[in-house]
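Hi everyone, thanks for coming. Let me put the structure up, and then we can walk through a few of its details together.

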Amino acid sequence: MGEAFRLEFTAADPEAVRLLFDTIGARFSFQPSERGLSYREDRAGDEDVALARVEVIGSYSSWGDTQMFSVIDRTSGRCDWSTRTESGTGIGAPVLITPRSPTLFVVDSLQTSNVYLTEALVQDIAETVYGTENTPVTFASSHPATPRLGRYWSSLTRLAQESVDSGAFEAPLVRAGLTRHLGVALLECFPLTGDQELRTLSMAAQTRRYRIAKQFIDDHAHEPITVDDAARAANTPTPALAQAFRANHPHLLSPTEYLYRARLAGAHAELLNADPTAGHTVAGIATRWGFADPGRFAGAYRAAYGVPPSTTLYR
């Protein structure tokens with residue numbers, strides 16, 4: 001994940017707007033009306049995702065395409081759009097613009113809340129969530145699959161924009177979680193080509209594997225188990241279990257990382273209940289939970305709980 005950025009841009013010159021869009025991979029012409037054009041954009045993101053609020057005063061038409069998956073959600077004003085196969089007003093529902101799909105916009109006094117996701121990110125999420133490989137992501141329509149899913153997308157966009165406003169979006173973990181949610185929502189809210197039933201079955205299977213393996217690790221972290229044991233408990237190969245964790249864990253932890261954190265949590269719980277006057281030591285507890293190097297254990301513990309393990313033991 002790259003560094004976060006924040007950009008505010010205001011222009012009344014169509015050429016300046018076009019140059020901005022060239023910079024972000026959107027190749028559009030702009031033809032303002034005689035009463036002029038005022039364009040303002042507030043954009044935040046990183047190398048994979050961007051969120052933008054756009055405000056246009058005046059009217060214009062534009063034609064071009066984009067290098068990213070772009071979802072435009074109108075909040076006020078008018079936005080007529082058309083591709084080679086579809087058209088709409090963009091009023092009351094988000095609109096998906098796919099890469100290299102030329103689109104015509106006719107805009108008047110518009111405000112939108114937009115989301116942009118790179119092709120590489122969406123492809124990676126699709127392969128992880130659906131268990132497919134080397135199957136390019138293609139959408140059957142620019143319209144949401146159902147009105148309810150359109151409303152869900154709009155609510156998720158508002159949540160993401162609120163994280164930008166609060167500053168939370170700058171935190172890598174927050175941004176990673178939102179990026180994944182937006183990527184999965186894109187795949188689920190807009191109709192994909194291909195067999196939806198097979199995708200649903202794949203998602204259900206991965207969720208089942210994840211839940212079984214997660215519960216197995218929670219129950220047996222104090223024992224000498226491995227990730228392979230968790231995979232066997234879920235009746236799946238270890239690489240498939242890793243994919244299931246990527247598809248379902250909220251922080252994208254791998255099974256190995258989850259087992260490590262489960263054992264760290266177990267050591268923390270034992271330290272809380274330990275009695276140093278009875279001979280309990282940090283090194284002894286760490287070793288019982290599989291941490292052979294006291295220094296590495298102390299560093300991991302401090303990172304997770306904010307204090308050295310000795311502070312917990314002798315509290």
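Here is one to start with: is F297 buried or exposed? This is a predicted model, by the way, so everything I quote is computed from it. F297 turns out to be buried, with a relative accessible area of 1%.

Let's stay with the aromatics. Searching the whole structure turns up 10 aromatic pairs. One of them joins F291 and F297: the ring centres are 5.1 Å apart and the planes sit at 45°, so this pair counts as tilted. F291 is buried too, at 9% relative accessibility. Another tilted pair is Y301 with Y305, at 4.8 Å centre to centre and 40° between the planes. Both tyrosines belong to helix α10, residues 294-305, and being four residues apart puts them about one turn of the helix from each other. Zooming out, ring pairs tie Y260, F291, F297, Y301 and Y305 into a cluster.

Now for some helix packing. In general, two packed helices are described by the angle between their axes and the distance between those axes. Helix α2, residues 119-130, and helix α7, residues 238-248, have axes that come within 8 Å and cross at roughly 120°. The crossing of α2 and α7 is left-handed. On the α2 side we have D124, E127, T128 and V129, which meet Q243, R246 and A247 of α7. By type, the residues of this contact split into two nonpolar, two polar and three charged.

What about the buried residues of α7? They are A240, L241, A244, F245 and A247. Looking down the axis of α7, these buried residues fall within an arc of 165°, so they line one face of the helix.

R100 is not a glycine, yet its phi is positive, near 60°; R100 sits in the loop between β7 (95-97) and β8 (103-118). S109 also has a positive phi, near 45°, in a residue other than glycine, and S109 lies in strand β8. S109 is partly exposed, with a relative accessible area of 37%.

S154 is buried, at 13% relative accessible area. Setting aside neighbours within four places in sequence, S154 is in contact with D73 and P94.

That's my tour, and I'm happy to take questions.

Conventions: Residues are numbered from 1 along each chain as its sequence is written. This is a predicted model: local features need pLDDT of at least 70, side-chain atom pairs count only at pLDDT 80 or more; totals for chains, interfaces and linings use all residues. Side-chain values use heavy atoms; hydrogens and water are left out. Axes are lines fitted to C-alpha atoms, for helices over the stretch in contact, and angles run from 0 to 180 degrees between N-to-C directions. Helices (H or I, at least four residues) and strands (E, at least two) are DSSP runs, numbered from the N terminus. A crossing is left-handed if the near helix is turned anticlockwise from the far one by less than a right angle, and right-handed if clockwise. Contact means heavy atoms within 4.5 Å. Ala, Val, Leu, Ile, Met, Phe, Trp, Tyr, Cys and Pro count as nonpolar, Asp, Glu, Lys and Arg as charged, and the others, Gly among them, as polar. Buried means under 20% relative accessible area, exposed over 50%, partly exposed in between (1.4 Å probe, protein chains only). The arc is that of the directions from the helix axis to the C-beta atoms. Rings of Phe, Tyr and Trp (its six-membered ring) pair if their centres lie within 6.5 Å; planes under 30 degrees apart count as stacked, over 60 as edge-to-face and the rest as tilted.
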